[in-house]
Amino acid sequence: MANEEASYDVVQKNDIYEIRYYSERLIVQVTNKGDNNSFRKLFKYISGQNENSKKIAMTIPVTQTQENGEMFMQFYLPSKFNKDTTPIPTNPDLEITTIPEGYFAVLKFSGRSSDKNFDKHNKILKQKLLEDNILIKGSVIRATYNSPFTLPPLRRNESMFSIDWKN
């Protein structure tokens with residue numbers, strides 16, 4: 001069964017990247033404290049470790065980003081939820097929040113979602129955006145779409161930046 005993906009509209013595309021418009025998205029996130037438990041904490045939440053003991057369908061992508069020196073891992077919540085209907089986490093490390101609407105430059109790549117592979121593609125995207133005079137508004141976002149059991153050539157990964165975009 002396919003996982004629900006955060007919806008977006010592609011507003012422009014070239015050989016290297018595409019520009020996407022995302023509406024506001026509801027997420028559950030955790031600060032990565034370097035203990036490699038971020039994914040597990042988020043997975044327990046969607047597996048029913050919340051005030052309603054409600055199981056929540058896994059969505060894609062899983063994102064990781066840095067803000068004010070802190071690393072965050074995020075699960076997007078299914079579109080059927082809103083701020084009022086989202087189960088409250090029982091783990092105080094988890095936070096329900098939103099990612100504001102906006103434009104994002106995205107470079108897709110396959111292979112392992114290793115730091116080395118991600119950094120390589122992040123640099124390619126950042127350089128091309130600079131060449132194209134597109135203003136980057138925040139830290140790079142690492143998006144992964146497949147389970148670790150998916151063969152590397154079949155994996156979908158993305159490097160993303162929030163950008164200032166004028167049609």
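**Close-up views of a predicted model**

Searching the whole structure, a predicted model, gives five aromatic pairs. The views below show two of these pairs together with the parts around them.

**View 1. The tilted ring pair of Tyr8 and Tyr22.** The two rings are 5.3 Å apart, centre to centre, with 50° between their planes. Tyr8 belongs to the loop between β1 (4–5) and β2 (9–13), and Tyr22 to strand β3, so the pair ties together parts 14 residues apart in sequence. Tyr8 has 24% relative accessibility and therefore counts as partly exposed. Tyr22, at 2% relative accessibility, counts as buried. Ring pairs join Tyr8, Tyr22 and Phe104 into a cluster. The ring of Tyr8 also has the charged end of Arg20 over it, 4.0 Å from the ring centre.

**View 2. The stacked ring pair of Phe39 and Phe43.** Here the centre-to-centre distance is 6.1 Å and the angle between the planes is 10°. Both residues lie in helix α1 (residues 38–46), where they are four residues apart, about one turn of the helix. Phe39 is partly exposed, with a relative accessible area of 38%. Phe43 counts as partly exposed as well, at 41% relative accessibility.

**View 3. The buried residues of helix α1.** Ser38, Lys41, Leu42, Tyr45 and Ile46 are buried in α1. Seen down the helix axis, the buried residues of α1 fall within an arc of 135°, so they line one face of the helix. Their cover includes the strands β4 (25–32), β7 (70–76) and β8 (94–99). After α1 comes Gly48, which has a positive phi, near 120°.

**View 4. The largest nonpolar core.** This core has 13 residues. Those that touch the most other members are Val28, Leu42, Tyr45, Ile56, Phe75, Leu77 and Leu94. Two or more core residues come from each of β4, α1 and β7. In soluble globular proteins, nonpolar side chains tend to be buried together.

**View 5. The contacts of Ile56.** With neighbours within four places in sequence left aside, Ile56 is in contact with Tyr45, Ile46, Asn50, Leu77, Pro78, Phe81 and Pro87.

**View 6. Strand β9 and its pairing with β3 and β12.** Strand β9 (residues 102–109) has six buried residues out of eight, so the strand is largely enclosed by the rest of the structure. Strand β3 (residues 18–22) runs antiparallel to β9 and is joined to it by five bridges. In this pairing, Val106 of β9 is the bridge partner of Glu18. Strand β12 (residues 157–164) also pairs with β9 in the antiparallel sense, over seven bridges. Ala105 stands opposite Phe161 of β12. In a regular strand, side chains alternate between the two faces of the sheet.

**View 7. A charged group over the ring of Tyr145.** The charged end of Arg156 sits over this ring, at 3.7 Å from its centre.

Technical notes. Residues are numbered from 1 along each chain as its sequence is written. This is a predicted model: local features need pLDDT of at least 70, side-chain atom pairs count only at pLDDT 80 or more; totals for chains, interfaces and linings use all residues. Side-chain values use heavy atoms; hydrogens and water are left out. Buried means under 20% relative accessible area, exposed over 50%, partly exposed in between (1.4 Å probe, protein chains only). Two strands pair if DSSP finds at least two bridges between them. Rings of Phe, Tyr and Trp (its six-membered ring) pair if their centres lie within 6.5 Å; planes under 30 degrees apart count as stacked, over 60 as edge-to-face and the rest as tilted. A charge sits over a ring if NZ of Lys or CZ of Arg is within 6 Å of the ring centre and within 35 degrees of the ring normal. The arc is that of the directions from the helix axis to the C-beta atoms. Contact means heavy atoms within 4.5 Å. A nonpolar core is a set of buried Ala, Val, Leu, Ile, Met, Phe, Trp, Tyr and Cys residues joined through side-chain atoms within 4.5 Å.
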